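Thanks for making the time this morning.

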Amino acid sequence: MEDILNLLQHGLRRLDPEGRLTPQPGTPEDLRGIGALFVVDLEMSGPNAQMHEVLDLAGVRAALAPRLPEKEAWGARVKPKHIGNAVPAALKVVGYSAKGWKAALDLEEALDKFNAAGRDAVVTGWGIGQDMAFLVETYRRMQQPWPFATVALDVQPVARTLLKTGGQVDRFNLGHVADRLGIGRMGEHGALADAYATYDVLVKLLDGSPE
């Protein structure tokens, strides 16, 4: 397990109490006493966390133990309140339509379920900067405290570290890395599908690590 923690530190960043990323890298010591990772993905109506909204939200909770066994997963579409502010290209990527989002959850209900699945875990993702910005802004707007650990894990630099000498990966976007590692995907640009792809990539990256 010590070897796994040492590998994860390549992607660890410390957070401030509100969940904002700080410049400080994390260390294996930051993971002591934490029992789980929460591998998340968000799909948004545009790139600006102050203007745009979360449209799709998901997470896979995994025990922080050898092989990262999955404990639970949750995902749902979220009803927008200001769809007029959306960037059309972003909506196209997400596949948004009024009909497709008819059964979407209100943000309050979605956050409650998201919190229940991920509470006290390490928020984990692929290129997590934008997702973290939207999470922080969403909790601020909802006047809710940060419910996760005060360290976050970006899987992308872990992949760069472990695959840089293999030659099989020449672009470090999630889809390309997953394909090169032989990982089947549920789809693209859906929050649960991308959360699972990130989780599967991380498990595959750590497969060769001693327990």
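Predicted model: local features only at pLDDT ≥ 70, side-chain atom pairs only at ≥ 80, totals over all residues.

**Overall fold**

Read along the sequence, the pattern of the chain is α-β-β-β-β-β-α-α-β-α-β-α-α-α, and the secondary structure comes to seven helices and seven strands, where helices (H or I, at least four residues) and strands (E, at least two) are DSSP runs numbered from the N terminus. Residues are numbered from 1 along each chain as its sequence is written, and side-chain values use heavy atoms, with hydrogens and water left out.

The C-alpha trace spans about 50 × 35 × 30 Å along its principal axes. A compact globule of 211 residues would have a radius of gyration near 17 Å, and the chain, with 17 Å, agrees with that; the radius is taken over C-alpha atoms, and the globule rule is 2.2 Å times the number of residues to the power 0.38. Of the 211 residues, 51% count as buried, meaning under 20% relative accessible area with a 1.4 Å probe and protein chains only, where exposed is over 50% and partly exposed lies in between. If we take contacts (heavy atoms within 4.5 Å) between residues at least 6 apart in sequence, 67% of them join residues at least 24 apart.

**Strands**

Two strands count as paired if DSSP finds at least two bridges between them. Strand β1 (residues 12-15) pairs with strand β2 (residues 21-25) in the antiparallel sense over two bridges, and R13 has P25 in β2 as its bridge partner. Their hairpin has five residues between the strands, and there G19 takes a positive phi near 95 degrees.

Which strands does β4 pair with? On one side, nine bridges join β4 to strand β3 (residues 36-44), and the two run antiparallel; on the other, β4 and strand β5 (residues 70-77) pair over seven bridges, again in the antiparallel sense. R61 shows both pairings, being the bridge partner in β4 of F38 and standing opposite E72 in β5. In the hairpin of β4 and β5, with six residues between the strands, R67 takes a positive phi near 70 degrees. As for burial, 10 of the 10 residues of β4 are buried.

On a 1 Å grid over the protein atoms alone, a cavity is a set of points where a 1.4 Å probe fits but cannot get out, whereas a pocket is an open set with protein on both sides within 12 Å along at least five of seven lines, and lining residues have an atom within 4 Å of a point. Grid points are joined across faces, edges and corners, and a volume is the space filled by probe spheres set on the points.

The count comes to one cavity of 30 Å³ or more, and the largest cavity holds about 40 Å³ of space. Its lining consists of L42, V54, L57, L107, L111, L135 and T138, with at least two residues each from β4 (54-63), α3 (107-118) and α4.

The second largest pocket holds about 220 Å³; of its 14 lining residues, E53, K81, L107, R141 and M142 are the closest to its centre. Helix α4 (residues 129-141) gives the most to this lining, with four residues.
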